[in-house]
Amino acid sequence: MAGTAAGGTRQSRAAPYLLIAPGVLWLTVFYVVPIVSLAQTSVEVAGGPWWDGYQRALTGYGTHFFRSLRYAFAATILALVLGYPLAYVIAFRAGRLKTLLLGLVILPFFTTFLVRTFAWKTILNDGGPAVRLLQQLHLLAPDGRLLDTTIAVIGGLTYNFLPFMVLPIYVSLEKIDRRLVEAAQDLYSTPRGAFQKIVLPLSLPGVFAGSLLTFIPAAGDFINAELLGSPNQQMIGTVIQNQFLEVRDYPLAAALSFVMMFLITLGVLAYARLLGTEELA
Amino acid sequence: MSRDTAQRDEEIHRLLRQALGRRRFITRTALAAGGLALGGRFLAGCGGREGGPDGIGGGGKARGPVRISNWPLYIDSETVPDFEKATGIDVEYTEDINDNGEFFAKIDEPLKRNQSIDRDIIILTDWMIGRLISLGYAAPLDNASFPNKANLLDNLSDVGFDPARKYSVPWMSGMAALGYNPKKTGRRLTSVNDIFDPKFKGQVTMLTEMRDTLGLVLLGMGKDPAKATLSDAKAACARIKKARESGQIRKFTGNDYAEDLAAGNIAAAFAWSGDVQGLLADNPGLQWVAPAEGAMLYSDNMLVPKTSDRQDLAMSWMNYVYDPAHSAQIIAGAPYLSPVKGSGAELAKIAPDLASSPLVNPPDDLRARLHVFRALSDAEDMEFNRVFQDAIGA
């Protein structure tokens, strides 16, 4: 760019800004403005110091924060364990079935999140097939239940966010040049060695993206906890919703949102450092 | 429209009511969003009507539709078309109220700025109506064009949140008390406190609606919900919290408890009368009792927002539904308590079975045990709610 004639640079310098302008405008209106107004709300405390909301958020809701992060973490790990092999098979072994399998992964999105979660209520019902099967296998006590337990909530989260894990991993696996794997085998690498040294490292960006796409929404989710959990499984999302709509304690609700955002950002940064992907470097 | 179709639609309506009832906000939103495709008539009857009949027999004065927001499945399928035919006024009937707090959050801002919310009648629960009136969001009712207001039941005609019913009249009332499945409990339940029986650990639910749950627990403690102080509420909430933490209470629900009760997932629940009435058709064993200590009574009330420019049409609607025969027809499709005098006799003509149910037509001794939660000021409401939300773990 530096060497071009003055007349031409003017336009080409402006071009990138013009291209990002709609996006920036969108983010300003729908992200920055609401965040600023939420920040204002969080410190507009009637009859108390401005940090009152934050103080109560930090002292009163530790259980909920911790629980949300724990559930989201468990769901992310489960989604990874289930999703990676699935993505691997679709990318490398599915052959002509590839499109069909990808279609099946996306299929649940054709119904809404809420309806899908609600269907789980029926599946996990006390008298339902899942409970009966587990009881016959003696994995569940005769008077045990699945619905309204931690297992149900984490299961629901995993199920609902699984495609967000599978798709990025699939894309990063799909991009891998097969000749690299062939080259490794030509050099007498075992299939396992080729996977460990070639495929896995090259798919890590997909794992990274998939984990974030699963973890972040899962941590803020409240539908699964509300429908599939008991009151002892409620996550921070439910609390925020109730504080906004029922109690109308807006400073507390806003403060809770910010604390949650802060915790997630912290977690994501730590994760980025740990995995060291180029995307965030 | 053939008779068969009409019958099928009634059947769908009944099934839906049974599945949903009145206050399950998440599920209902889901079904709405999922575009649950049902027989056309049902949705046409309940959804907004486009184009409607142009003033058949009504003198053709129809000026814009009267726009009504109500809770889902809270009306029969005939009243809206009948009203249109009788008056020539089109109705845009929307079932978009799922939760008092949620709906308030939607209308608060525009009403504060004196802007239209595109509604001429909204239907909300007592305490929320009280809040709207105290905020000055309500238009006074024009009694001159609402002669049937005289049919309002005496015990509902003067309430704390709206003295002399200047701004609001009840759409329907309901009772909250104890519902149970005798097969699971193995015995009759007679007291509110049976819900704390350790035998039912993990098999009971309570309602997320604060006034109903708190009111019932207070009754069980021998306190009067009409005079509840903050310290009473704290004591009741401490009891609820303890039961929640010990695993006694499986869940706090909207009306999701209904199918859990029918499916045998739970033994007993704080339950609304209309839901249990709806469940009885397929689960004849279920019981709903107003315990010895009493039950809670609530009403949902029609109110005209101050920014409505069709208040005269709104009055025509209210006058129409306050006719005992019309009210009975609504009850036949949505089995709660009519606030209209004489509707019981009318109901006996069209649905004798339903009319004899104590859930729709409570006998006097039951009526005497019904309590209404005290009207709370805005600040009190926040305090009570804070304690309550903490108790239910949200």
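Okay, let's start with a helix pair in chain B. On helix 13 of chain B, the residues Pro324(B), Ala325(B), Ser327(B), Ala328(B), Gln329(B), Ile331(B) and Ala332(B) meet Ser343(B), Glu346(B), Leu347(B) and Ile350(B) from helix 14 of chain B. Sort the residues of that contact by type and you get 7 nonpolar, 3 polar and 1 charged. Keep in mind that this is a predicted model.

How do the two helices sit? Helix 13 of chain B covers residues 324-333, helix 14 of chain B covers 343-350, and they pack at about 60° with their axes 8 Å apart. As for handedness, the crossing of helix 13 and helix 14 of chain B is right-handed.

Next, the core. The largest nonpolar core has 158 residues, and those with the most contacts inside it are Leu256(A), Ala176(B), Ala177(B), Leu178(B) and Ala268(B). Helix 7 of chain A, residues 150-175, gives this core its largest share, 14 residues.

Take Ala177(B) from that list. What does Ala177(B) touch, leaving aside neighbours within four places in sequence? Its contacts are Leu216(B), Ala271(B), Trp288(B), Val289(B), Ala290(B), Pro291(B) and Ala295(B).

Last, where the chains meet. That contact takes 24 residues from chain B and 25 residues from chain A. On the chain B side, helix 2, helix 5, strand 6 and helix 17 each give two or more residues, and helix 2 of chain B has the largest share, with 5 residues. By type, the chain B side divides into 10 nonpolar, 9 polar and 5 charged.

Definitions and conventions
Residues are numbered from 1 along each chain as its sequence is written. Chains are lettered from A and ligands numbered from 1 in the order in which they are written. This is a predicted model: local features need pLDDT of at least 70, side-chain atom pairs count only at pLDDT 80 or more; totals for chains, interfaces and linings use all residues. Axes are lines fitted to C-alpha atoms, for helices over the stretch in contact, and angles run from 0 to 180 degrees between N-to-C directions. Helices (H or I, at least four residues) and strands (E, at least two) are DSSP runs, numbered from the N terminus. A crossing is left-handed if the near helix is turned anticlockwise from the far one by less than a right angle, and right-handed if clockwise. Two residues are in contact if their C-beta atoms, placed from the backbone, lie within 7 Å. Ala, Val, Leu, Ile, Met, Phe, Trp, Tyr, Cys and Pro count as nonpolar, Asp, Glu, Lys and Arg as charged, and the others, Gly among them, as polar. A nonpolar core is a set of buried Ala, Val, Leu, Ile, Met, Phe, Trp, Tyr and Cys residues joined through C-beta atoms within 7 Å. A residue is buried if 20 or more other C-beta atoms lie within 10 Å of its own, exposed if 12 or fewer, and partly exposed in between; C-beta atoms are placed from the backbone.
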